[in-house]
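Here is a brief report on one chain.

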Amino acid sequence: MLRLSKIILLFCLLTFSSFSQVIEKIDFEGNKIFNLTEYLSWGNINKGTRYYEGIVDSVKQRIIKQLSSRGYFHTNFTESGYELSPDSQKVFLKFIIHEGNPTRINSIIFDEIDSLHHVIIENIFRFFQNEIFIPAEIERSISEILSHYENSGFPFVTVKISSVVFFEDSVSGLPFADILLKIIPERESRIDLIEIRGNTSTKD
């Protein structure tokens, strides 16, 4: 019984210790494009944040997501981890990051698009070539396509990104992407007949 009590007490002490640990310092090294404040914001972490198991991976995943939304799809962490203070109450986090270069759009290819809409859709995307691949901007342009088709009598059109092919330019070594868009319009929506039913005995 005494042995069991000691085990329970030790478990409680370890549990209390892990919950009371706070992050004292966070270091980011290797970053050249974005600053520490941005990384702390993207990682949703700061001095005083309580430490929990898996926090390092969570921070990395959040940062990778934010960088990808800005066109940095080839970022990687060359080193990451944590250290404890001598009393094990404070945690020091360290990240070494290689941001890489932003991916630029080489081409946007349209699959299954008819000649009637081809010119208009190409005009929507004409400024994207060689620009940084920002997914949100592509999505905004897709919304423009949907509006165009809706105004043309195709309210149920489907636009999807079939594939994104990443590659490095053979000369510069910089990352590029080819984006394949597939546009699937349903048949034209048209009102063929309007029928009014009601009281037929009145002339109004």
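## Loop, strands and helix

Lys 32 counts as exposed because its relative accessibility is 76% (exposed means over 50%, buried under 20%, partly exposed in between, with a 1.4 Å probe and protein chains only). Lys 32 lies in the loop between β1 (22–29) and α2 (36–42). Its C-alpha atom is 9.4 Å from that of Gly 100, 68 residues apart along the chain.

This is a predicted model: local features need pLDDT of at least 70, side-chain atom pairs count only at pLDDT 80 or more, and totals for chains, interfaces and linings use all residues. Residues are numbered from 1 along each chain as its sequence is written, and side-chain values use heavy atoms, without hydrogens and water.

Helices (H or I, at least four residues) and strands (E, at least two) are DSSP runs, numbered from the N terminus.

In α5 (residues 135–151), Ile 138, Ser 141, Ile 142, Ile 145, His 148 and Tyr 149 are buried. They lie on the same side of α5, because they cover an arc of only 110 degrees around the axis (directions run from the helix axis to the C-beta atoms). Arg 140, Glu 150 and Asn 151 are exposed on the other side. Gly 153 follows α5 with a positive phi near 95 degrees.
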